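Here is a briefing for a first look at this structure. Start with the view below, then take the topics one by one.

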Protein chains: 2
Amino acid sequence: MELLEILECSPPLTREPLDAEQAAGVARVFKALGDPVRLRILSIVASRAGGEVCVCDVTGAFELSQPTISHHLKVLKEVGLLAAERRASWVYYRLVPETLGELSALLTPPATAPAVPQ
Amino acid sequence: MELLEILECSPPLTREPLDAEQAAGVARVFKALGDPVRLRILSIVASRAGGEVCVCDVTGAFELSQPTISHHLKVLKEVGLLAAERRASWVYYRLVPETLGELSALLTPPATAPAVPQ
DNA sequence: TAGTTATTTCGATGAATGTCTATACGGAGA
DNA sequence: TCTCCGTATAGACATTCATCGAAATAACTA
């Protein structure tokens, strides 16, 4: 079963308890977000105006080896948060907004939650 | 710096890249969500009508040792997703909706575009 | 005060993870 | 074809993590 499907049929946490299968799938995605480097990579890709970044752009933003960055990009791709496309020698990564949206919906707080002040 | 403060001053991933400190704080919370058992625990607490669950209620829902459940509850409490209160012999956990809301906002997809521009 | 129940902390262990170096792959051009 | 450049994979290593059983703490009851 695809991860995005699992996200789509998982109710918000505040609605009803997740079953074991749903929890396992959702946890894989959150685990991918549970690393500072991956979060920064994701935010770099997600906030890029054109929607795409080259691997070399990401590598330049960290003092980590190129294979390490490649590893993190792979993790983000495997859970459906990023998609990759090769053009000539360069590989471009872009955000998959649907996955991000499903995650956001999953964490929607209960309706009784107070609004953000100001 | 409190974790909730870090969440509050971290822009949505699609707005601008996170700095190292923000990423470190946010990653701690997502890492806590990156375990299937903790996700299920959180959904049990969050979806409970009364808003509170006793530890024994949670323990009964899993085939894990009671100390293991206690450990997961502690992790969720440390990142500000749950709060605990002791009354008599029992400890009751409840959701902290503000933290959940900040996370949800952080993952808000770009413009929640209803239609894809051709 | 002792005894019972609920929960947390402690110490250990096997598995998973982030990072590195070295190497392989894939495409472009000479 | 060969070589260069950008990227991915493989293997190794140290660290972190989930889980357990045992022991400690907290609070009620007799």
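This is a predicted model: local features need pLDDT of at least 70, side-chain atom pairs count only at pLDDT 80 or more; totals for chains, interfaces and linings use all residues.

**DNA strand C**
- There are 24 residues around DNA strand C. A:S65, A:P67, A:T68, B:P67 and B:S70 come nearest.
- α5(B) gives the largest share of this surface, with 6 residues.
- The surface near DNA strand C holds 12 nonpolar, 9 polar and 3 charged residues.

**DNA strand D**
- Around DNA strand D there are 25 residues, and the nearest are A:V55, A:C56, A:P67, B:T68 and B:A88.
- The largest share of the surface near DNA strand D is from α5(A), at 6 residues.
- By class, the surface near DNA strand D has 12 nonpolar, 9 polar and 4 charged residues.

**Where chain A meets chain B**
- Chain A puts 34 residues into the contact, and chain B puts in 34 residues.
- On the chain B side, α2 (20-33), α3 (36-47) and α6 (97-106) each give two or more residues.
- That side of chain B divides into 21 nonpolar, 8 polar and 5 charged residues.

**One helix pair across the contact**
- Packed helices are described by the angle and the distance between their axes.
- Helix α3 (residues 36-47) of chain A and α2(B) have axes that come within 8 Å and cross at roughly 115°.
- The crossing of α3(A) and α2(B) is right-handed.
- From α3(A), the residues are A:P36, A:L39 and A:R40. They meet B:A20, B:A23, B:A24, B:V26 and B:A27 in α2(B).
- The contact of α3(A) with α2(B) has 7 nonpolar residues, no polar ones and 1 charged.

**A:L106 in chain A**
- Helix α6 (residues 97-106) of chain A contains A:L106.
- Is A:L106 buried or exposed? A:L106 is buried, because 27 other C-beta atoms lie within 10 Å, and 20 or more count as buried.
- Leaving aside residues up to four places away in sequence, A:L106 touches A:L7, A:S10, A:P12, A:L13 and A:V26.
- A:V26 is 80 residues from A:L106 along the chain, and their C-alpha atoms are separated by 9.3 Å.

Definitions and conventions. Residues are numbered from 1 along each chain as its sequence is written. Chains are lettered from A and ligands numbered from 1 in the order in which they are written. A residue is near a molecule or strand if its C-beta atom, placed from the backbone, lies within 6 Å of it. Helices (H or I, at least four residues) and strands (E, at least two) are DSSP runs, numbered from the N terminus. Ala, Val, Leu, Ile, Met, Phe, Trp, Tyr, Cys and Pro count as nonpolar, Asp, Glu, Lys and Arg as charged, and the others, Gly among them, as polar. Two residues are in contact if their C-beta atoms, placed from the backbone, lie within 7 Å. Axes are lines fitted to C-alpha atoms, for helices over the stretch in contact, and angles run from 0 to 180 degrees between N-to-C directions. A crossing is left-handed if the near helix is turned anticlockwise from the far one by less than a right angle, and right-handed if clockwise. A residue is buried if 20 or more other C-beta atoms lie within 10 Å of its own, exposed if 12 or fewer, and partly exposed in between; C-beta atoms are placed from the backbone.
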